[in-house]
Amino acid sequence: MTNANMETFKPIKPAKRPRIGLYSLGHAHYWNQFDGLLDRLLGYNRFIAERIGESAEVCNAGMIDGDEGARQAAEQFNAAGVDLIFCHAATYAMSASHLAIARTCKRPVVVLNLQPTAAMNYDATTTGEWLAHCVGCCVPEIANAYNRSGIDFHLVSGLLGLSQTPAISLADENTADHPEAIKAWDEIDAWVKAAAVKRTLDDGRMGFLGHTYPGMLDMYSDFTMMSAQTGMHVEVLEMCDLEKILQSVTPSETQSKLDQTHAMFELSEDSPADPLARKPKPEQLDVACRVAVAQEKLVHEFDLDALTYYYRGSEGNSLQQLQEAFILGHSLLTAQGIPCSGEGDMKTAVAMKICDILGVGGSYSELVACDYNHDTIILGHDGPFHIGIADGKPILRGMGLYHGKWGTGVSVEATVQKGPVTMLNLTQTGDGKLRMIANQGDAIEAPVLKIGNTMTHVKFDRGPSEMMNQWFALAPTHHAAMSVGHNRLQFEKVAKLMNIEFQVVSK
């Protein structure tokens, strides 16, 4: 995300660095036959380890050329608690020499079929030189052995991407700028990011404040199911937990949050169309900022990574009045890496968290309406909003009444950056399993309502009616996380590592 608003915030809890197991494959009989081959291949191994190590903790087992080394590597990976294993096909190797790693670790494996050179020096190449380049030779054998052993595996083929040629080489191995190297490393980086998502969720804590909006049956989720399938612990919170913290908020803390709010938001005037949407009153802003301080303290006190919330009490109830001020603080938290979803939609909070870990936003959205003149579906909500992906400065608007809810307060009015976007929906099917749905489109410039809601026109690769028929047939949750960029392939890798069904309509 490039929005300048993000410079104001530091994540409250940065994403976890994933733990990656790495080993290279070889054939022990080659080492005595071809001088320098082993050292050369270990050099490739170190290059891969260093490159992955820029964004992950790497447990590198080095060269595996026999079953004894494979068993030792498996113990090493298990002790390190790796999330994902990269198997580097460095030269021809027998599948039996390393199968024990995947069988013992029971972690997904990505096979790296990375050739050091774009083309061999055909006139000068010796057998030893060829063996440094015939990396793809053993990959079909690996795939066959993994498939028959029931091992989850994936493939990345391309060029290694060295920036200089080793002295031993007879060919040009400087392929760092070659499209096949760039593409391969984009794919590897995407797997590492997916592993970061799984690691962060496995160690994550989801706050559930209040209750689910009564009657929204798609919102309801079994806490045990959510923990089992996402890894996140669910911390059930009471409104009185927040009310107690609110009592500790000082005037200086409130003023500091108000200063931050003025820097982050534009304050609206009265809406030209909707009498419910007004210029925020000073007392509304003061209450919202005081509550925002308490919301941030709640996150720290309960060590939360995400939060879903909703509360409907009797009219005049102090807790009901407290929830009226939620939207500002939850938008600020979302910008600080603690995504907050309204109406008790825990599944969408997870989807927002996935987007945020990947650095692509994750703003709370639902279908607002269709615009058949612009051929778009308008997506948004009455808050909260991911400020980091806003198109310009978000607007704070006073609300005389929240639609379909109790109370008054301030709401966020904003539009997502124009350009590629991807909707990520996390839903639950009739058999109790989670399903991930990702649809790519483009946010375009088009008029939106001035009623205190977030709204973005999104054009998909098919018309609104066809898009809705096919999307909704997948039984989605009616909320989704809006991310910036075309992230379908990245989300698919996350789904694979989390063992969640993945579906897509608009590619």
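The structure holds zero disulfides, a disulfide being a pair of cysteine sulfur atoms within 2.5 Å. This is a predicted model, in which local features need pLDDT of at least 70, side-chain atom pairs count only at pLDDT 80 or more, and totals for chains, interfaces and linings use all residues. Residues are numbered from 1 along each chain as its sequence is written, and side-chain values use heavy atoms, with hydrogens and water left out.

**Stop 1: cysteines**

Select Cys-134 and Cys-137. The sulfur of Cys-134 has its closest cysteine sulfur in Cys-137, at 5.3 Å, which is too far for a bond. Cys-134 is buried, at 10% relative accessible area. Here buried means under 20%, exposed over 50%, and partly exposed in between (1.4 Å probe, protein chains only).

**Stop 2: a helix pair**

Select residues 179–202, helix 7, and residues 346–357, helix 14. Helices (H or I, at least four residues) and strands (E, at least two) are DSSP runs, numbered from the N terminus. Two packed helices are described by the angle between their axes and the distance between the axes. The axes of helix 7 and helix 14 come within 9 Å and cross at roughly 130°. Helix 7 is therefore oblique to helix 14. Axes are lines fitted to C-alpha atoms, for helices over the stretch in contact, with angles from 0 to 180 degrees between N-to-C directions. Under 35 degrees counts as roughly parallel, over 145 as roughly antiparallel, 65 to 115 as roughly perpendicular, and the rest as oblique.

Now show the side chains. From helix 7, Ala-196, Val-197, Thr-200 and Leu-201 meet Val-350, Lys-353, Ile-354 and Ile-357 of helix 14. Contact means heavy atoms within 4.5 Å.

**Stop 3**

Asp-123 sits in the loop between strand 4 (109–115) and helix 5 (127–131). Asp-123 is exposed, at 81% relative accessible area.

**Stop 4: positive phi**

Most residues other than glycine have a negative phi. Select Lys-106, in the loop between helix 4 (99–105) and strand 4. Lys-106 has a positive phi of about 55°. Lys-106 is exposed, at 66%.

Finish at Ala-475, in the loop between helix 15 (464–472) and strand 19 (479–484). Phi of Ala-475 is positive, near 60°. Ala-475 is partly exposed, at 44% relative accessibility.
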